[in-house]
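Subject: Structure for you to look at

Hello,

Here is the structure I said I would pass on. Please open it first, then read the notes below.

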Amino acid sequence: MIYTVTLNPSIDFIVRLNKVELGDVNRMESDDKFAGGKGINVSRILQRLGIDNTATGFIGGFTGDFVESGLKAEGIRTQFVTVGQDTRINVKIKADQETELNGTGPVITDQQLIELERFLAGLSTNDVVVFAGSAPANLGNAVYNKLIPLVREAGAEVVCDFEGQTLLDSLAYQPLLVKPNNHELEAIFKVKLEGLTDIEKYARQILAKGAQNVIISMAGDGALLVTQEAAYFAKPIKGQVKNSVGAGDSMVAGFTGEFVKSKDPVEAFKWGVACGTATTFSDDLATIDFIKETYEKVEVEKL
């Protein structure tokens with residue numbers, strides 16, 4: 001079973017209008033509300049790929065009810081720890097510029113954290129756990145240094161989708177996959193990357209620190225998979241960019257779902273690129289039909 005861990009899920013409230021006038025009343029042209037959070041996005045794409053998974057983390061209040069009921073309506077199993085405060089709302093404003101207003105999330109008690117720890121400690125060698133996104137403020141991302149070892153000690157694999165120091169810390173647990181983008185890779189090593197040779201060089205440093213596979217996403221410039229054996233470049237696919245939210249999560253879902261089935265990192269990379277690209281060209285996370293259509297356009301070459 002694949003489990004996704006979203007410690008600070010949200011309702012993503014997406015509003016659309018031509019332009020935001022500060023200090024004035026703005027009337028939106030359309031809006032949508034989706035269950036949000038990086039791990040939850042992974043769960044939603046996995047389900048569209050026909051891959052059973054369970055979403056876990058912390059959930060609370062009427063906003064948490066919306067998130068959980070939305071997941072269940074999509075056929076996604078849930079195993080959340082209920083908390084006393086409301087799950088946050090993130091506002092995504094799509095106008096002449098994209099603007100995000102992200103909530104802080106609930107306070108997590110020691111007992112609630114222990115409940116999640118017990119659940120994760122009970123997993124097995126048949127499981128893969130996707131850890132993604134930031135933790136609630138009162139826990140801080142250091143909490144992953146408690147949660148990830150519990151999963152590894154249970155014998156399960158982990159996928160870690162983090163930035164910065166949190167990503168570096170996770171490498172001690174030999175994650176199946178990490179997926180920084182090129183700008184995050186530059187920030188980690190405090191360098192300016194010039195071309196694929198540079199990107200592969202620093203991705204290999206991530207491998208040397210413990211990762212089993214590294215994908216470097218480069219937005220409109222394609223993506224690079226680096227394994228111990230080789231590096232593979234996925235050419236960019238042209239289309240109208242509609243949605244930067246969830247594209248990286250979709251890539252993680254596509255890779256993880258296929259790798260669990262086939263153990264083939266290159267085929268998993270192709271599905272990751274298809275899922276990430278299809279979401280980029282969609283208003284919400286991509287549909288399975290569009291993912292399959294996009295997969296036929298994926299071109300990967302060995303470097």
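A residue is called buried when its relative accessible area is under 20%, and exposed when that value is over 50%. Please keep in mind that this is a predicted model.

With that cut-off, look at strand E12, residues 223-226. Ala-223 and Leu-225 point to one side and Leu-224 and Val-226 to the other, and all of them are buried, so both faces of the strand are covered under the 20% limit.

What does E12 pair with? One partner is strand E11 (residues 214-217), which runs antiparallel to E12 over 4 bridges. In this pairing, Val-214 is bridged to Val-226 of E12. The hairpin of E11 and E12 has 5 residues between the strands, and Ala-219 has a positive phi near 50° there.

Strand E13 (residues 231-234) is also antiparallel to E12, again with 4 bridges. Ala-223 has Ala-234 as its bridge partner in E13. This hairpin has 4 residues between its strands.

Now the chain as a whole. The protein chain contains 10 helices and 14 strands. Its radius of gyration is 19 Å, which agrees with the value near 19 Å for a compact globule because the chain has 303 residues. The C-alpha atoms fill a box of roughly 50 × 45 × 40 Å along the principal axes. Of the 303 residues, 54% are buried. Among contacts with a separation of 6 or more, 64% come from residues 24 or more positions apart.

The protein chain has 30 positive and 41 negative side chains, and the centres of these two sets are 2 Å apart.

Regards

Conventions: Residues are numbered from 1 along each chain as its sequence is written. This is a predicted model: local features need pLDDT of at least 70, side-chain atom pairs count only at pLDDT 80 or more; totals for chains, interfaces and linings use all residues. Side-chain values use heavy atoms; hydrogens and water are left out. Helices (H or I, at least four residues) and strands (E, at least two) are DSSP runs, numbered from the N terminus. The radius of gyration is taken over C-alpha atoms; the globule rule is 2.2 Å times the number of residues to the power 0.38. Buried means under 20% relative accessible area, exposed over 50%, partly exposed in between (1.4 Å probe, protein chains only). Contact means heavy atoms within 4.5 Å. Lys and Arg count as positive and Asp and Glu as negative; His and the chain ends are not counted. The place of a charge is taken as NZ of Lys, CZ of Arg, CG of Asp or CD of Glu. Two strands pair if DSSP finds at least two bridges between them.
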